Amino acid sequence: MNIVLLGIQGSGKGTLVQDLSKHLDFLLVSVGSSLRDEIATGSKLGKLIKSKMDKGELVDTNIVMDTINKKLSDNKKSIVIFDGFPRSREQADELDKICNVDLAIYLNLKKEDALKRIMNRLTCSKCGNITTRVKCPDLVCPVCNGKLTVRSDDTPEVANKRFEQYRLETEPLIKRYRESGVLVEIDASKTPNEVLKAVMKVIKWT
């Protein structure tokens with residue numbers, strides 16, 4: 001089963017993936033994580049990717065596809081979840097060349113609520129765990145005791161640019177997957193546990 005996660009930045013895709021991993025065995029294809037891994041190497045490509053992400057720009061599709069193909073090359077899992085991909089019609093067309101999308105989960109959240117979450121978000125620099133300032137005011141990861149940091153692209157300016165980019169590039173994919181009969185909409189304003197339960201029911205039905 002190939003699952004695509006759709007939703008505005010801050011809608012909880014990363015948190016949902018963390019929660020799903022406790023219940024399902026799947027291959028996660030997280031474009032954002034793969035790109036940040038490349039940035040961490042300090043390579044020329046990594047610097048280019050960082051420059052684009054810090055400005056809230058989409059990374060070139062050919063670079064994104066390279067990371068995805070690497071992930072899928074030796075996959076033996078029956079479930080694949082694509083997080084942060086596709087983000088445009090061009091990327092969706094490229095994904096169709098690789099596999100069929102069996103389920104598109106749309107985490108629907110208002111822009112104002114998403115911005116509040118982004119401004120409160122912390123990510124572990126060691127294990128990648130996503131949490132909040134409220135839960136971890138000491139900036140220590142509850143999973144591995146690593147240092148919690150704010151992502152360089154988690155600023156109001158970059159977030160608003162991504163919101164507009166999402167409206168123009170990604171929202172049309174919602175219609176695309178709805179018309180193909182694979183879209184399920186989830187209210188992302190609910191608690192992470194409620195969202196998890198709703199998504200688990202959908203996956204079991206598919």
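How many salt bridges does the count come to? Good morning. In this predicted model, the count comes to 12 salt bridges. As a general principle, side chains of opposite charge can pair when their charged atoms come close.

Let me begin with K22 and D19. These two residues form a salt bridge, with the closest N and O atoms 3.8 Å apart. K22 has a relative accessible area of 66% and is therefore exposed, whereas D19, at 14%, is buried.

I turn next to E57. The side chain of E57 meets that of K52 in a salt bridge, at 3.9 Å from N to O. E57 also meets the side chain of K161, at 4.0 Å from N to O. This second pair links distant parts of the chain: K161 belongs to helix α7, while E57 lies in the loop between α3 and α4, and 104 residues separate them. Through shared partners, salt bridges join K52, E57, D60 and K161 into one network. Within it, K52 is buried, because its relative accessibility of 19% falls under the 20% limit. E57 is partly exposed at 30%, and K161 is partly exposed at 40%.

Let us now consider the nonpolar residues. The largest nonpolar core holds 54 residues, and L20, F82 and Y177 touch the most other members. A second, separate core has 5 residues, including L122, C124, C136 and C141. Leaving aside residues up to four places away in sequence, the contacts of Y177 include L6, P86, V101 and L183.

Finally, S88 is found in the loop between β3 and α5. With a relative accessibility of 6%, S88 counts as buried. Beyond four places in sequence, S88 touches E169 and L173. Thank you for your attention.

Terms used. Residues are numbered from 1 along each chain as its sequence is written. This is a predicted model: local features need pLDDT of at least 70, side-chain atom pairs count only at pLDDT 80 or more; totals for chains, interfaces and linings use all residues. Side-chain values use heavy atoms; hydrogens and water are left out. A nonpolar core is a set of buried Ala, Val, Leu, Ile, Met, Phe, Trp, Tyr and Cys residues joined through side-chain atoms within 4.5 Å. Buried means under 20% relative accessible area, exposed over 50%, partly exposed in between (1.4 Å probe, protein chains only). Contact means heavy atoms within 4.5 Å. Helices (H or I, at least four residues) and strands (E, at least two) are DSSP runs, numbered from the N terminus.
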